[in-house]
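A short report follows the display.

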Amino acid sequence: MTSGAYDDNNIFAKILRGKIPSHRVFENEHVVAFMDVMPQAPGHVLVVPKAASRNLLDADPAVLAQTIAVVQKIANAVKEAFDADGVFVCQFNEPAAGQTVFHLHFHVIPRHEGTALKPHSGKMEDNAVLAANAEKIKAEL
Ligand code: AMP
């Protein structure tokens, strides 16, 4: 079972409602994808279903199917946009697993051989860099 209730005022719910800005790279009826503001590598994207769920544990399987299809699309786009050797996809459930924002999201992170990931929730990236990286990804979609 889940470890808490869904809070409609979490930061991703506010981004989905347009109350907080984000660098969006993709949107369809069910899913939004935007740049992570503390990227673990250039091109780090978050794929977020519009439907409310705290994380994977309480999500509707139909929403998961819609979301993972977008994860695949974004993974291919970031691989091309950043000429990556691979793509890391990850997702955290509850604080013990490292979750800090309690609206379901998947991390999609381009990886290059020999380059270590920066820390999770580490340093804020400049807006101009995030905007430029978003444009690179959009060009591949
Ligand atoms: P987690 O819940 O542990 O999977 O991590 C939440 C992620 O959201 C972290 O990678 C943060 O850098 C990222 N994040 C937090 N606030 C924002 C925001 N306003 N816009 C985009 N990404 C964010």
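The model is predicted, so local features need pLDDT of at least 70 and side-chain atom pairs count only at pLDDT 80 or more, while totals for chains, interfaces and linings use all residues. Residues are numbered from 1 along each chain as its sequence is written, and side-chain values use heavy atoms, with hydrogens and water left out.

Most residues other than glycine have a negative phi.

| Residue | Phi | Relative accessible area |
|---|---|---|
| Glu 94 | about 75° | 8% |
| Ser 121 | about 50° | 37% |

Glu 94 sits in the loop between strand E4 (86–90) and strand E5 (106–111), where helices (H or I, at least four residues) and strands (E, at least two) are DSSP runs numbered from the N terminus.

On the surface, Glu 80, Asp 83, Asp 85, Glu 113 and Glu 140 gather in a patch of negative charge, a patch being made of residues with over 30% relative accessible area and no salt bridge, like charges being joined within 9 Å; a salt bridge is a side-chain nitrogen of Lys or Arg within 4 Å of a carboxyl oxygen of Asp or Glu. Glu 80 belongs to helix H2 (residues 61–81) and is exposed at 53% relative accessible area.

Pro 21, in the loop between helix H1 (11–16) and strand E1 (24–27), is exposed at 75%.

Conventions: Buried means under 20% relative accessible area, exposed over 50%, partly exposed in between (1.4 Å probe, protein chains only). Patches are made of residues with over 30% relative accessible area and no salt bridge: like charges are joined within 9 Å, nonpolar side chains (Val, Leu, Ile, Met, Phe, Trp, Tyr) within 5 Å. Accessible areas come from the Shrake-Rupley method with a 1.4 Å probe; for residues, only the protein chains shown count as cover. Lys and Arg count as positive and Asp and Glu as negative; His and the chain ends are not counted. The place of a charge is taken as NZ of Lys, CZ of Arg, CG of Asp or CD of Glu.
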